Amino acid sequence: MSWLVFYGIVLGIVLLLLLLILHYKVAKMFEKLAFDKGYGKDANAFIMCFWLGIVGYIYVAAMPKLTEKTQIK
């Protein structure tokens, strides 16, 4: 019975690592989105998306585009 517990723990750690890698990649995509909207490193989009999760994603998606504002003026 102890080998089942061991494999369960190993499987849990592997799944956790896969989720962290996926979360990292999505946060990097949203950092690129913020950069495309005209925000530099000062926006801290990666940190917000990585640590806040879905709240950070919504925050970056709701950011106005700075590049369009400068083109209008």
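K37 lies in the loop between helix 1 (2-36) and helix 2 (45-52); helices are DSSP runs of H or I with at least four residues, numbered from the N terminus. K37 is buried, with a relative accessible area of 8%, where buried means under 20%, exposed over 50% and partly exposed in between (1.4 Å probe, protein chains only). The model is predicted: local features need pLDDT of at least 70, side-chain atom pairs count only at pLDDT 80 or more, and totals for chains, interfaces and linings use all residues. Residues are numbered from 1 along each chain as its sequence is written, and side-chain values use heavy atoms, with hydrogens and water left out.

**Surroundings of K37**
- Neighbours within four places in sequence aside, K37 is in contact with V60, A61, A62, M63, P64, K65, L66 and T67, contact meaning heavy atoms within 4.5 Å.

**Helix 3**
- G56, Y57 and V60 are buried in helix 3 (residues 54-62).
- These residues lie on the same side of helix 3, because they cover an arc of only 100 degrees around the axis, the arc being that of the directions from the helix axis to the C-beta atoms.
- On the other side of helix 3, the residues I54, V55, I58 and A62 are exposed.
- Helix 1 and helix 2 are among the elements that cover the buried residues of helix 3.

**Salt bridges**
- The count comes to three salt bridges, each defined as a side-chain nitrogen of Lys or Arg within 4 Å of a carboxyl oxygen of Asp or Glu.
- K28 and E31 form a salt bridge at 3.1 Å, N to O; both residues lie in helix 1, three residues apart, about one turn of the helix.
- E31 also meets K41 in a salt bridge (3.4 Å, N to O). This pair links distant parts of the chain, with E31 in helix 1 and K41 in the loop between helix 1 and helix 2, 10 residues apart.
- E31 is buried at 18% relative accessible area, K28 is partly exposed at 35%, and K41 is exposed at 67%.
- D36 forms a salt bridge with K32, the closest N and O atoms being 3.0 Å apart. Both lie in helix 1, four residues apart; D36 is partly exposed at 46%, whereas K32 is exposed at 52%.

Conventions:
Helices (H or I, at least four residues) and strands (E, at least two) are DSSP runs, numbered from the N terminus.
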